[in-house]
Amino acid sequence: MQRSWLTLIITAAVIALLTVLVVLQYRWLAEASEAERDRLQRRVETDTKNLADEFNREIQSAYFNFQIADGITSPASQKDFNDRLEFWRGRTAFPDLITSFVFVPAAKDESPLQYSAERKEFEPVEAAADLQQIIDRVRQTDSPPTVLDEFSSLIAPIMKKEMPVERIVIRSETGDQTSMRAALGERSGNLIIRLDPAVIRDQMLPALKKKYFPEGDFNVSAAGAEGSLKYGRARAAGEPDATANLFELSPENFVFFANRELLPARIPTPGQATRVARVESQLMTRVEAPPTSSRANTSAVTIELNDANRPRTTLVASRSDKPVWTLSVYHTAGSVDAFVNAQWYKSFGIGLGIYLLLVFSIIAIVLSSLRSKRFAQRQIDFVSSVSHEFRTPLAVIYSAGENLADGVAADDAQIQKYGQMIKAEGRKLSAMVEQILEFAGSRSGKRKYTFAETDLAAVAAKALDECRPMLEEERFEIETDLTSIHPAVADPKAVTAAVKNLIANSMKYSNGNRWIKLSATESNVAVAISLQDRGIGIAPADLKHIFEPFYRARSVVDAQIHGSGLGLSLVKDIASAHGGRVYAESTPGLGSKFTIEIPRSTPGV
């Protein structure tokens, strides 16, 4: 008992230690998940901004690069425009982005001009329906919008001459700014830069996605101002992990022809590098018109160069509060939070599974050890009981034989008495040996059964007849109810042995109430043989163990009732071999009832 308690204490200590480790793992995983969430969130926000910036630089280069002065029809201006177009196509990663250029003069009585790639000059054009819609939209106001999303077009102002910039905007660290007047000059018209939405959808955004999200762990989509999907797949629900504005033409971040070194290089393919030139000799200043001006939505930007070239001034309409396109990025798992939570659940689930496996393994090992110890003790008790059971008959046989040999029994009556005594004790020894051999054969799986259609009522009657001499000798009152029943597929010898074991068991535990009843009944699917007695009964705690090998109730051992603990175990093995079962009903002090059920050969009503 002391060793059992020590085993349980050690087991509890090991499980407690494992539990502490699981709790620590839970906390460590929570901290690691929070750090991973912050890292992923910062990464997706940074990459989203970089993707949008590079996209916007491509759009800005297509917008600012073609703003020329002194009109657009003069030979000098057209040469300047051709140089810009050649330069842009040589530097951009998407030369097919721009499909056409259309110049809309400020004077409404002048016809629009379209750029001819073959002749490399602007020519009068007969506007198609979609182009006429764009022209009408441009001429509705003196300051048309910079981006016409529904027409995939950019509207760039073309000035009659360079604008002298007189004031600048000063931004403080607190965000305050001072705006001063700028002379904006006069427009000669507007340049419609028509873009190919297929290039944006099928080339630009996929290339940028591959560059900034190469692992494919984030989905990228772009939606218009009204929520219409422009690229990718719309998120089913919830907020994206990061957003950015596309078609952002803010003059704080643009480049054009006069600033060649800053024009964006091509998007590198895998294995290539991008060279970035640093320009230190240029000053970029943004000046906004005062709110009272008729052109309050226009900004002027000048870049001063240190070489012989004159300053370069560009106009851009200030950005609207509502973005043209919105770039949305979210994790393929649904969101960064969902991904991190899934990883946390996965990691903790694996750890918890290992913990439970270890705990269950430890408990199983301990229980198996205790069970083995219990069975070992039962085997020891069995050996002791069998030795005692063997000792008594052998002692009787030895005494009777010695008396016969010494001539103590002189007359025939005494000789016959000793002979009967030796015969009875020998029969007991044979029964015990047979029972042990049956148990060994049953456990080894080598016992063979001969099944046939059998009348179990007749088999029960035969077993009772074989035990009748012992029952009459012990003066037992016998009741039977063995009416004819449907046959069952059974081994008659095995069933006979099972019934005889039940009869012997009832005789052993009769406690002076010498009465038994043997009956046979049937149901739709099975036939049953029952043996009832009025013996000492079985306690509820012992009732669930009585069919286990070597098991003997503590009260039986204390009462020094001899037995091996194998009889009921053999009955259970025989019933199981027939596809049936055996069960017991008992009330302590009032007796017990054992029932063997075997399936009928032909189930019926």
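Predicted model: local features only at pLDDT ≥ 70, side-chain atom pairs only at ≥ 80, totals over all residues.
At 37% relative accessibility, Glu466 counts as partly exposed, a class that lies between buried, under 20% relative accessible area, and exposed, over 50%, with a 1.4 Å probe and protein chains only. The side chains of Lys500 and Glu466 meet in a salt bridge at 3.0 Å, N to O; by salt bridge I mean a side-chain nitrogen of Lys or Arg within 4 Å of a carboxyl oxygen of Asp or Glu. This pair links distant parts of the chain, with Lys500 in helix 8 (residues 492-508) and Glu466 in helix 7 (residues 456-473), 34 residues apart. Helices (H or I, at least four residues) and strands (E, at least two) are DSSP runs, numbered from the N terminus.

Residues are numbered from 1 along each chain as its sequence is written, and side-chain values use heavy atoms, with hydrogens and water left out.

Let me remain with charged pairs. How many salt bridges does a search of the whole structure find? The search finds 20. Two of them involve Arg43. In one, Arg43 pairs with Asp47, and the closest N and O atoms are 3.5 Å apart. Both residues lie in helix 1 (residues 2-64), 4 residues apart, about one turn of the helix. An α-helix has 3.6 residues a turn, so residues three or four places apart point the same way. In the other, Arg43 pairs with Asp217, the closest N and O atoms being 3.1 Å apart. Here the pair links distant parts of the chain: Asp217 sits in the loop between helix 4 and strand 9, Arg43 in helix 1, and 174 residues separate them.

I turn now to the sheets. Two strands pair if DSSP finds at least two bridges between them.

Contact here means heavy atoms within 4.5 Å. Axes are lines fitted to C-alpha atoms, for helices over the stretch in contact, and angles run from 0 to 180 degrees between N-to-C directions.

A second open sheet is formed by 6 strands in the order 3-2-1-8-5-4, again with antiparallel pairing. Strand 3 (121-124) and strand 4 (147-148) are the edge strands, each pairing on one side only. Strand 2 (residues 113-116) and strand 3 pair over 4 bridges in the antiparallel sense, and Leu113 stands opposite Pro124 in strand 3. Helix 3 (residues 129-138) lies across strand 1 (98-105), strand 2, strand 4, strand 5 (153-159) and strand 8 (187-195), at about 140 degrees to strand 8.

Helix 11 (residues 567-577) is mostly covered, as 8 of its 11 residues are buried; among them are Leu568, Leu570, Val571 and Ile574. The helix is followed by Gly579, whose phi is positive, near 75 degrees. Strand 21 (residues 581-587) then shows a covered face of Val582, Ala584 and Ser586 and an uncovered one of Arg581, Tyr583, Glu585 and Thr587. Strand 21 runs antiparallel to strand 22 (residues 591-599), joined by 7 bridges, and Val582 has Ile596 as its bridge partner. The two strands form a hairpin with 3 residues between them, where Gly589 in the turn has a positive phi of about 90 degrees.

Finally, the protein as a whole. Its secondary structure comes to 11 helices and 22 strands, and 41% of its 605 residues count as buried. Of the contacts with a separation of 6 or more, 73% are between residues 24 or more positions apart.
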